[in-house]
Amino acid sequence: MPSTKIFRSIGVIVLGIVIGAVLSVATDAILESTGVFPSFAEQQANGSPTWLLLWATLYRTIYTFIGCYIAARLAPGNPMRHAMILGVLGFIANIAGGIAMWHLGQHWYPIALAILSLGAGWVGGMLSKKKLR
C-alpha cells in the first residue's frame, strides 16, 4: 500500500495546479467583466492584441510561480522536485494548448508560457528551499 507521503506529494501537486488555474481564470474573468480585456468571442473573431497576450503572459507566469512555490513549501520532501513537476506539467499543458489552438492567435504566446512555466517552477523551488533553511 502506498505511503501517505506519496498521497501528500500528489495532493500538493494538485493544489499547485488548482492555485495557478483558479487565479488565472479569475483574473481573466475580472479583466473581461470590467472591459479591460475583450470577450473571448471578440478575441476569436478579431485576434488577441499583443498587449493583451503580454499582460496575460505576465500574470499567468506569476500565478504558475505561486502554485509551484506553495507546492514546494508544502511538499513532504524534496521541494525542488515538486516545483519542477509542476513546471513540467505546465510546459506540457501549454505546448498541448498551443498545438490545439495553433490556427488562432499569435504563435509566440503558448511557446512563451511553456518556457516560462519551467522557469517559474525552478524559481518557486529555489525560493522555497531558501525559506526552509
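Which exposed residues does the face of α4 turned away from its buried side carry? In this predicted model, that face has Arg81, Ile99 and Ala100.

Stay with α4 for a moment. The helix runs over residues 79-100, and at 1.5 Å a residue its 22 residues should span 32 Å; the C-alpha atoms at its ends are 32 Å apart, so expectation and model agree. Its buried residues are Pro79, Met80, His82, Ala83, Leu86, Gly87, Gly90 and Gly98. Why do they count as lying on the same side of α4? Because they cover an arc of only 165° around the axis.

What does Ile13 touch, once neighbours within four places in sequence are set aside? The contacts are His82, Ile85, Leu86 and Leu89. Ile13 itself sits in helix α1 (residues 4-33), and it counts as buried because its relative accessibility is 14%, under the 20% cut-off. Ile13 also lies 8.1 Å from Cys68, C-alpha to C-alpha, though 55 residues separate the two in sequence.

Now for the nonpolar cores:

| Core | Residues in core | Members |
|---|---|---|
| Largest | 9 residues | Leu31, Phe37, Leu52, Leu53, Ala56, Tyr59, Tyr63, Tyr109 and Leu113 |
| Second, separate | 7 residues | including Ala71, Ala72, Ala83 and Leu86 |

In the largest core, α3 (50-74) and α5 (108-132) each supply at least two residues, and α3 gives the most, with 5 residues. Leu52, one of the members of that core, is in contact with Phe37, Pro38 and Gln43, leaving aside its neighbours within four places in sequence. In soluble globular proteins, nonpolar side chains tend to be buried together.

Technical notes: Residues numbered from 1 in each chain as written. Predicted model: local features only at pLDDT ≥ 70, side-chain atom pairs only at ≥ 80, totals over all residues. Heavy atoms only, no water. Core = buried A, V, L, I, M, F, W, Y, C linked by side-chain atoms within 4.5 Å. Buried < 20%, exposed > 50% of the residue type's maximum accessible area, 1.4 Å probe, protein only. Helix = DSSP H or I, 4+ residues; strand = E, 2+ residues; numbered from the N terminus. Contact = heavy atoms within 4.5 Å. Expected span 1.5 Å × (residues − 1). Arc of directions from axis to C-beta.
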